[in-house]
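I am opening a notebook page on this structure. The entries below record what I looked up.

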Amino acid sequence: MTLVAERTGPAAARPEDPAAREPARGRRIPGAGPRPPLLRIAGVTLEYRTPERVVRATHRVDLDVFAADRFVLLGPSGCGKSTLLKAVAGFLAPVEGEITLDGVPVREPGPDRIVVFQEFDQLPPWKTVAQNVAFPLRASGTLGRREAEARARHYIDKVGLSRFADSYPHQLSGGMKQRVAIARALAMQPTMLLMDEPFAALDALTRRKMQEELLALWDEVRFTLLFVTHSIEEALVVGNRVALLSPHPGRVRGEFNSHDFDLASVGGDAFQAAVQRLHRRLFETESAAPGPAS
């Protein structure tokens with residue numbers, strides 16, 4: 001089946017400006033009280049080395065992500081958002097600060113954090129869709145052959161690709177390959193799904209469809225999502241919470257609730273006002289920028 005997001009809410013309840021809303025930190029998606037964060041990024045500074053020099057990607061970033069959040073890292077190119085996601089995945093160690101998941105320091109990659117990258121060609125071309133989704137389950141020893149195949153086909157159905165379960169990657173479109181990558185990630189049932197600009201290379205219509213399907217899948221499964229984008233519109237649609245990162249090196253410039261917006265909001269006055277406000281906040285000079293929301 002093809003997943004279609006149905007997300008409703010009275011238009012009058014939508015805020016005129018996300019910056020005017022109560023800060024998101026420490027709050028659930030509507031209707032629940034405070035709880036401990038699942039992911040805590042505390043004072044994290046990240047650096048990487050090039051042949052010429054050491055580059056500081058982020059500077060003393062503080063963020064909390066709660067279970068079932070759709071948390072978006074939004075910022076211009078070079079602000080360190082993808083580097084921060086790689087650190088959460090365990091591929092890069094902070095030079096300052098600490099990242100903890102469920103209270104445990106992140107030291108290395110693990111099956112509790114699965115990454116979906118931007119590139120389409122993430123799938124071994126000699127394996128079918130079902131084999132691609134089942135492979136990590138078997139390679140990690142998580143499940144046996146029959147159980148892995150059953151779970152793989154379950155998540156393939158969730159992303160609307162049951163008819164293509166026995167197809168090969170070269171027989172799929174770019175958007176379909178991304179759906180397979182998402183199914184493969186969710187089949188591992190990770191604590192957190194990490195997505196690094198997964199729809200950036202898609203055409204506009206396919207990108208919107210993938211956003212719909214991601215939101216519908218989240219409505220059903222309620223996984224915790226950390227999502228990187230440089231698109232303000234995508235951040236407001238995909239996320240229920242958005243952290244704004246300043247230009248290089250990335251610092252937290254603000255953090256806002258965005259769960260009142262969805263795909264039906266795009267083009268509306270409140271949505272466009274929010275886009276303009278966040279654009280100004282992202283690119284205002286450091287001297288004019290207030291401190292992060294808390």
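**Ground rules**

This is a predicted model, where local features need pLDDT of at least 70, side-chain atom pairs count only at pLDDT 80 or more, and totals for chains, interfaces and linings use all residues. Residues are numbered from 1 along each chain as its sequence is written, and side-chain values use heavy atoms, with hydrogens and water left out.

**Open sheet**

I began with the strand order. I took helices (H or I, at least four residues) and strands (E, at least two) as DSSP runs numbered from the N terminus. Two strands pair if DSSP finds at least two bridges between them. I found an open sheet of 6 strands with mixed pairing, in the order β6-β7-β8-β3-β9-β10. At its edges are β6 (113-116) and β10 (252-257), each of which pairs on one side only. From one strand to the next the twist averages 20 degrees. For such angles, axes are lines fitted to C-alpha atoms, for helices over the stretch in contact, and the angles run from 0 to 180 degrees between N-to-C directions.

I then checked two of the pairings. Strands β3 (residues 70-74) and β8 (residues 225-229) run parallel and share 5 bridges. L74 has T229 of β8 as its bridge partner. Strand β9 (residues 241-245) runs antiparallel to β10, again with 5 bridges. Here R241 is partnered by N257 in β10. A hairpin is formed by β9 and β10, with 6 residues between them.

Is β10 mostly covered or mostly open? It is mostly covered: 6 of its 6 residues are buried. I call a residue buried under 20% relative accessible area, exposed over 50%, and partly exposed in between (1.4 Å probe, protein chains only).

Past β10 I looked at H259, in the loop between β10 and α7 (269-283). H259 counts as partly exposed because its relative accessibility is 22%. Its C-alpha atom is 6.7 Å from that of G239, 20 residues away along the chain.

**β1, β4 and β5**

Next I followed β4. Strand β1 (residues 39-49) joins β4 through 5 bridges, and the two run antiparallel. A42 has E98 as its bridge partner in β4. On to strand β5 (residues 104-105): it runs antiparallel to β4, with 2 bridges. L101 is partnered by V104 in β5. The hairpin of β4 and β5 has 2 residues between the strands, and D102 takes a positive phi near 55 degrees there.

**Salt bridges**

I counted a salt bridge when a side-chain nitrogen of Lys or Arg is within 4 Å of a carboxyl oxygen of Asp or Glu. The count comes to 14.

E96 and R60 meet in one of them, at 3.1 Å from N to O. This pair links distant parts of the chain, 36 residues apart: E96 is in strand β4 (residues 96-101) and R60 in strand β2 (residues 54-65). E96 is partly exposed because its relative accessibility is 28%.

E98 also takes part, bridging to R107 with the closest N and O atoms 3.8 Å apart. R107 is exposed at 65% relative accessible area, whereas E98 is partly exposed at 36%.

Which parts does the pair of E220 and K158 tie together? The side chains meet at 2.2 Å, N to O. E220 lies in helix α5 (residues 204-221) and K158 in helix α3, so the pair ties together parts that are 62 residues apart in sequence. E220 counts as partly exposed at 41% relative accessibility, while K158 counts as buried at 12%.

I also noted a network of salt bridges linking D69, R241 and E255.

**Second largest pocket**

Helices α2 (129-139) and α3 (145-158) each supply at least two lining residues. The largest share, 5 residues, comes from α2.

How many of the lining residues are nonpolar, polar and charged? I noted 4 nonpolar, 2 polar and 6 charged.

Notes. Nonpolar A, V, L, I, M, F, W, Y, C, P; charged D, E, K, R; others polar.
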